[in-house]
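Please look over the sequence and the structure below before reading the notes that follow.

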Amino acid sequence: MKVSVTTLPLHDLDVDLLILPVGLGEAITRAAQIGGVIGTSLSRALQDFDGNPGDTVLIYPEASRSKRVGLIGLGDRGRLDAEALRLAAADGVKLSATTKASTVALCVPDSPMDAESMGQALVEGFLLASYEYSRYKNDESKMRARTERLVLHASADEKSARRGAERGRVVAEATITARDLVNMSPHEKTPTMLGRHVERFGRKYGYDVSLWDKSDIEKEKMGGLLAVNRGSCEPPVFIEMTWRPEKASNIRPVVLVGKGIVFDTGGLSLKPTRNSMDHMKADMAGAAAVIGAMEVLARLEVPLYVIGFIPATDNRPGQNAYVPGDVLQMHSGKTVEVLNTDAEGRLILADALSYATLYRPELVIDLATLTGAQVVALGSQVAAVMTPEDTGAEERLAAVQAAATRSGDWVHPLPMHAHYGKALESDVADIKNIGNREAGTITAGKFLEHFVDYPWVHIDLAGPAFLKKALPYRPKGGTGFGVRLLTEFLRAYAYPKKR
């Protein structure tokens with residue numbers, strides 16, 4: 001979708017649909033401000049519009065260059081934030097789909113919020129709500145009508161609105177990259193194919209990509225990744241992405257690690273199919289989020305040295321599959337007793353987290369669809385965030401939560417008290433790969449904690465990464481959760497004085 005910004009008078013906008021976000025009780029004032037043919041038509045429609053979130057009215061003003069005008073409720077202006085604007089833009093997409101509008105103008109509302117933030121939120125919301133995965137569909141009659149051009153109307157501070165609109169476009173497109181990867185058929189994203197996709201992205205957007213084959217992984221002694229891969233007919237791949245601009249604000253890198261289980265059967269601890277294995281093409285959503293974040297960093301030229309790691313394999317019950325009772329030697333040298341082959345994500349992440357130690361990172365963030373317990377605890381709209389309870393814990397959690405609030409990719413912290421780690425004590429190895437039924441998300445985090453010796457944040461996004469029911473600007477299926485969260489966090493990390 002093409003995105004542009006204009007300050008033309010509203011009556012001069014020649015579009016299929018002009019969308020006006022209006023706050024609670026402000027419709028009359030807004031109509032008077034606009035005046036002319038459009039303002040008169042709005043005044044007549046006010047009896048059907050209060051301005052509450054979700055309220056919409058569609059009118060057809062005569063003698064207007066805009067074929068249709070839609071009013072969208074913003075709710076209480078005193079509570080207006082970026083998320084409210086994204087939701088309003090999503091309501092605008094519903095109007096554009098109903099009217100099959102090819103060109104849409106979306107107005108930046110009058111608000112104490114800065115024009116840059118509003119421009120970003122509106123464009124993000126509109127592009128993300130317009131998403132439809134159609135790679136495998138042949139019947140175009142069953143697809144939604146698509147908007148080809150979005151025009152953001154800024155009545156003031158056009159320069160700031162333009163910056164925000166461009167950033168919103170880039171972030172939305174990178175989120176869509178992640179959505180597409182998650183939704184892609186497993187046969188098109190084997191570990192090798194995923195690596196090739198990332199190589200193409202690296203060439204396109206300007207970051208470096210290195211792919212390790214199985215022999216490289218064996219030399220590095222990544223016992224967790226190799227064990228999970230044993231039941232597969234496809235070899236594993238370790239993907240390394242590097243964004244290191246000349247004017248990076250850091251010398252030691254920030255490292256992102258994404259779980260890259262391209263399909264998870266559960267291995268010999270086989271999953272049931274319905275509402276479980278049938279969604280496991282999404283078990284690489286953490287990897288997709290890291291890939292999307294690297295795209296944003298490069299396209300926005302964020303001055304931050306960042307490395308991304310993706311250990312990639314599938315988890316299948318092949319003839320040589322690892323079994324419950326196996327004891328694995330990990331990259332770090334620790335031994336792990338396997339009691340459940342469906343607790344495989346933490347094994348491949350542990351090797352990647354251990355390898356990250358070699359870079360002496362300032363900070364490491366991993367993202368993974370790690371536990372069903374996360375969905376039970378927090379549902380499908382909020383991810384879990386954990387960090388070791390050391391002197392920097394409060395600062396790290398506050399920074400991630402602030403980024404979550406700004407981005408709309410919400411997180412909630414879970415504790416990592418020492419006593420949770422007792423559930424991982426093994427009779428035959430250093431640790432075992434699962435705890436008991438209690439606090440499954442936390443014990444998975446405590447497992448990973450054994451493999452880090454640097455500032456570290458763990459994000460379990462099992463619920464919000466893949467939805468069974470669509471939300472306003474998040475589709476059914478892959479959501480791209482984590483891309484916008486990482487973007488906000490890393491931008492704030494690179495520009496600390498601007499936040």
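Which helix gives the most to the lining of the largest pocket? The answer is α11, with 4 residues. The model is predicted, so local features need pLDDT of at least 70 and side-chain atom pairs count only at pLDDT 80 or more, while totals for chains, interfaces and linings use all residues. Residues are numbered from 1 along each chain as its sequence is written, and side-chain values use heavy atoms, with hydrogens and water left out.

**The largest pocket**
- The largest pocket has a volume of about 1100 Å³.
- Its lining holds 39 residues, and T371, G372, A373, V375 and A462 lie nearest the centre.
- The lining of the largest pocket divides into 14 nonpolar, 15 polar and 10 charged residues.
- At least two lining residues come from each of α10 (345-356), α11 (372-378), α13 (440-449) and β19 (466-467).

**Helix α5**
- The 26 residues of helix α5 (residues 158-183) should span 38 Å at 1.5 Å a residue, and this agrees with end C-alpha atoms that are 36 Å apart.
- Helix α5 is mostly covered, since 19 of its 26 residues are buried (buried means under 20% relative accessible area, exposed over 50%, and partly exposed in between, with a 1.4 Å probe and protein chains only).

**Two residues with positive phi**
- K100, in the loop between α3 (82-99) and β5 (103-107), has a positive phi of about 55° although it is not a glycine, and it counts as exposed because its relative accessibility is 66%.
- N275, in the loop between β10 (260-264) and α9 (285-299), has a positive phi of about 60° although it is not a glycine, and at 46% relative accessibility it counts as partly exposed.

Notes: Expected span 1.5 Å × (residues − 1). 1 Å grid on protein atoms, 1.4 Å probe; cavity = no way out; pocket = protein on both sides within 12 Å on 5 of 7 lines; lining within 4 Å. Points joined across faces, edges and corners; volume = space filled by probe spheres on them. Nonpolar A, V, L, I, M, F, W, Y, C, P; charged D, E, K, R; others polar.
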